[in-house]
Amino acid sequence: MTSDLEAVHNFTPLRNQLPGAPVPYYVANGEGERYEVDGQLWTIIARTQDTGGLFDAAYISGGRGAATGYHAHRDHQRSFMVVKGRVQVWLGGESRVLVPGDSFTVPPGTPLAYRMLAHHTRMLTWSAPGGALAYIQRLGSPVDSHIHPNRPDHSSSPAHRAEVGAQLGITFPDLEEVEASLEWDARLPTGIEPYFLGAGEGDRLAYPSGLHTYLSRGSNTQHHYFALLSQGGPSEYFARHFHREHTENFLCLSGRIWLHANGEDILLTPGDFLHAPAGTIHTFAFDSHHTEMLGILAPDVFEPFFGHIAEPTTDHVYSDDTSPTVVGAPPASELQKLQEELDLVIVGPPPKRTAGLDI
């Protein structure tokens with residue numbers, strides 16, 4: 001165990017501030033570093049300096065008509081999920097109208113544009129390696145507001161976009177905005193290519209009272225990360241553990257989630273985010289029915305774990321088992337094997353709950 005891992009073990013998670021170093025931290029819904037760009041509010045919840053260069057992430061909110069034209073990142077793999085409202089997205093030569101739960105993935109060099117079609121629209125975006133959000137930091141205007149503008153106060157010029165983009169490997173192709181198609185991709189591609197994924201689609205694994213869905217695998221992201229949507233009812237904590245080689249990031253999309261991180265119990269509600277870098281001693285439990293959690297794990301070394309704890313399924317909903325289970329708990333007979341083969345170090349039994357399942 002490295003001294004860096006030891007230091008992370010003992011670090012009390014910061015709350016509602018970006019740390020500037022790869023340490024555990026939590027930001028509540030709406031908190032983070034905020035910029036207005038072309039009528040949109042970008043709320044940055046993870047920067048390259050906060051994640052050791054592995055990735056960055058932000059919420060994007062705006063009203064009807066707020067748009068970002070075609071652009072392409074040379075060096076960054078990006079993913080997006082619609083959280084609220086409706087968005088028309090142009091990805092390469094395809095277009096879709098997306099609603100909450102829909103997602104799309106953008107390989108390096110792929111042109112992307114979007115337009116928000118509903119008031120109070122919100123998307124989540126994450127990218128790897130870290131550094132893609134430097135463009136927003138340089139182009140946008142820092143703001144104190146937590147709400148997107150009613151009318152744009154900041155409008156970037158093509159010349160300014162080109163100037164800032166040139167420094168970061170971002171280009172702005174002149175492409176035709178094709179009509180939206182109603183056809184949807186229901187499966188992950190086998191390799192690196194742009195794709196849309198409808199809400200509820202993806203590679204699915206079932207466990208008692210829950211469902212894991214891969215929104216992306218390492219093979220889709222140059223092994224920078226994989227994204228897993230976990231859905232289920234009330235659960236118990238798994239054993240306290242940490243990882244040596246990968247970072248885990250937890251976003252609450254609905255319901256309530258208890259995160260135990262380095263001895264601290266933190267309740268996540270919709271929009272909240274917790275970053276657990278390598279070395280963070282942690283575990284989690286769902287605290288309500290209809291809970292949804294997006295996990296972003298970078299890099300992708302832990303991806304095989306979920307095939308050991310859940311079974312492939314064609315179902316789109318989970319079974320409603322009334323007895324609380326443990327999300328992510330492998331069978332006892334496999335636990336030692338998984339510790340030896342995967343990036344998993346068990347350090348103790350589950351923590352005692354600070355609050356009951358019925359709050």
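This is a predicted model: local features need pLDDT of at least 70, side-chain atom pairs count only at pLDDT 80 or more; totals for chains, interfaces and linings use all residues.
Helix H3 spans residues 158-168. Its buried residues are Val 164, Gly 165 and Leu 168. Viewed down the axis of H3, these buried residues fall within an arc of 100 degrees, so they line one face of the helix. An α-helix has 3.6 residues a turn, so residues three or four places apart point the same way. The face of H3 turned away from the buried side carries Ala 159 and Ala 166, which are exposed. On the buried side, the residues of H3 pack against helix H2 (134-139) and against strand S14 (170-171). Just after H3, Gly 169 adopts a positive phi of about 75 degrees.

An open sheet is built from nine strands in the order S1-S2-S24-S21-S26-S18-S17-S16-S27, and its pairing is mixed. Strand S1 (14-15) and strand S27 (311-312) stand at the edges; each has a single partner strand, so one side of each is left without a neighbour in the sheet. In general, strands of a sheet pair through backbone hydrogen bonds, either parallel or antiparallel. Strand S16 (residues 203-207) and S17 are paired in the antiparallel sense, over five bridges. Within this pairing, Leu 205 has His 212 of S17 as its bridge partner.

The aromatic pairs number eleven. One of them joins Tyr 214 and Phe 226, whose ring centres lie 5.9 Å apart with 50 degrees between the planes, a tilted arrangement. This pair links distant parts of the chain, since Tyr 214 belongs to strand S17 (residues 210-216) and Phe 226 to strand S18 (residues 226-232), twelve residues apart. Tyr 214 and Phe 226 are both buried. Another pair, Phe 305 with Phe 306, is edge-to-face, at 5.4 Å centre to centre and 90 degrees between the planes. Buried residues have a relative accessible area under 20%. Phe 305 is therefore buried, at 4%, and Phe 306 is likewise buried, at 9%. Ring pairs join Tyr 214, Phe 226, Phe 302, Phe 305 and Phe 306 into a cluster.

Charged side chains also meet aromatic rings. The charged end of Arg 217 sits over the ring of Tyr 214, at 3.8 Å from the ring centre. Tyr 214 is also a member of the aromatic cluster. Elsewhere, the charged end of Arg 122 is placed over the ring of Tyr 59, 3.8 Å from its centre.

Conventions. Residues are numbered from 1 along each chain as its sequence is written. Side-chain values use heavy atoms; hydrogens and water are left out. Buried means under 20% relative accessible area, exposed over 50%, partly exposed in between (1.4 Å probe, protein chains only). Helices (H or I, at least four residues) and strands (E, at least two) are DSSP runs, numbered from the N terminus. The arc is that of the directions from the helix axis to the C-beta atoms. Contact means heavy atoms within 4.5 Å. Rings of Phe, Tyr and Trp (its six-membered ring) pair if their centres lie within 6.5 Å; planes under 30 degrees apart count as stacked, over 60 as edge-to-face and the rest as tilted. A charge sits over a ring if NZ of Lys or CZ of Arg is within 6 Å of the ring centre and within 35 degrees of the ring normal. Two strands pair if DSSP finds at least two bridges between them.
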